[in-house]
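Here is a short briefing on one protein model. Please look over the sequence and the structure before reading the points below.

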Amino acid sequence: MTATFSEKEDFTLPCSWHRLDAIWQGGEEVVQQGLPHNRLAPSWQLLLLGDGSPTRHLKLLTGEPTEVDVIDMSLIGMDSDDAPDLMQVVPGPRLRRQVWLRTPSGQILAYATSWWEASHVDEYLQNRSLPIWASLARLRTELYRDVQGIYYGYSPALELGFNQKGPFWGRHYLFWHHGQPLTLIYEVFSPYLTKYLGSTKV
């Protein structure tokens with residue numbers, strides 16, 4: 001299948017994505033071991049380092065459905081797109097998708113960018129207004145979420161989007177399906193979540 005786009009999508013929206021200007025970052029070893037609790041509270045480690053669905057976690061935290069605002073669907077071909085190096089395992093040519101995750105009342109909880117093989121994205125995101133987890137769950141797609149990196153840093157664009165000051169915590173991970181990489185996802189969470197998770201530090 002090929003990627004298709006509705007006329008309602010606004011291609012004047014971001015031509016780039018919002019990567020954190022990291023003041024600290026850790027790789028797979030840090031993800032596996034976890035961080036000292038005086039660096040990152042256990043509740044936040046469950047969200048950032050766990051392999052469960054973030055949209056499911058956000059729904060459980062807020063008691064509200066997690067809705068998606070798609071702000072970008074861009075064909076990037078074989079461009080590196082300033083993405084984590086791990087994107088190279090996702091077959092090209094690629095499509096980049098950017099979203100805000102929010103409550104129905106409009107409170108933005110997280111930002112996410114994902115990279116997909118453009119020729120197959122319609123198979124997995126049949127309803128693009130749904131969170132990725134919800135789309136794949138409807139298809140009964142078996143997945144493994146492989147968290148590979150964690151970040152702490154700033155982004156002026158995300159400060160505006162979240163209406164919160166940085167720094168922010170983020171991560172990137174691969175979705176594997178039948179032993180093959182399906183998509184690379186980069187997520188950043190709003191400090192608004194301290195309302196439910198407490199401070200990021202003990």
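**Overall picture**

Residues 24 or more positions apart account for 69% of the protein's contacts with a separation of 6 or more; contact means heavy atoms within 4.5 Å. This is a predicted model: local features need pLDDT of at least 70, side-chain atom pairs count only at pLDDT 80 or more, and totals for chains, interfaces and linings use all residues. Residues are numbered from 1 along each chain as its sequence is written, and side-chain values use heavy atoms, with hydrogens and water left out.

**Fold and surface**

- The protein has 7 helices and 7 strands. Helices (H or I, at least four residues) and strands (E, at least two) are DSSP runs, numbered from the N terminus.
- Along the sequence, the pattern reads β-α-α-α-β-β-β-α-α-β-α-β-β-α.
- Of the 202 residues in the protein, 50% are buried. Buried means under 20% relative accessible area, exposed over 50%, and partly exposed in between (1.4 Å probe, protein chains only).
- The accessible surface comes to about 9,900 Å², and 51% of that belongs to carbon and sulfur atoms. Areas come from the Shrake-Rupley method with a 1.4 Å probe; for residues, only the protein chains shown count as cover.

**Nonpolar cores**

- The largest nonpolar core has 32 residues, and L40, W44, L48, I150, W169, F189 and L193 touch the most other members. Such a core is a set of buried Ala, Val, Leu, Ile, Met, Phe, Trp, Tyr and Cys residues joined through side-chain atoms within 4.5 Å.
- Elements giving two or more residues to this core are α2, β2 (67-77), β3 (94-102), β4 (108-117), β5 (144-154), β6 (168-177) and β7.
- A second, separate core holds 19 residues, including A83, M87, W115 and L184.
- Leaving aside residues up to four places away in sequence, L48 touches L40, V147, I150, W169, G170, R171 and F189.

**T183, in a strand**

- T183 sits in strand β7 (residues 180-189).
- T183 counts as buried because its relative accessibility is 0%.
- A polar atom of the T183 side chain lies 2.8 Å from the backbone oxygen of W115.
- Not counting residues up to four places away in sequence, T183 touches V90, S114, W115, W116, Y173, L174 and F175.

**L46, in a helix**

- L46 belongs to helix α2 (residues 42-49).
- L46 has a relative accessible area of 63%, so L46 is exposed.
- L46 and L197 are 151 residues apart in sequence, yet 9.9 Å apart in space, C-alpha to C-alpha.

Key. Polar contact = N/O pair within 3.5 Å; in protein donor to acceptor, adjacent residues only side chain to side chain.
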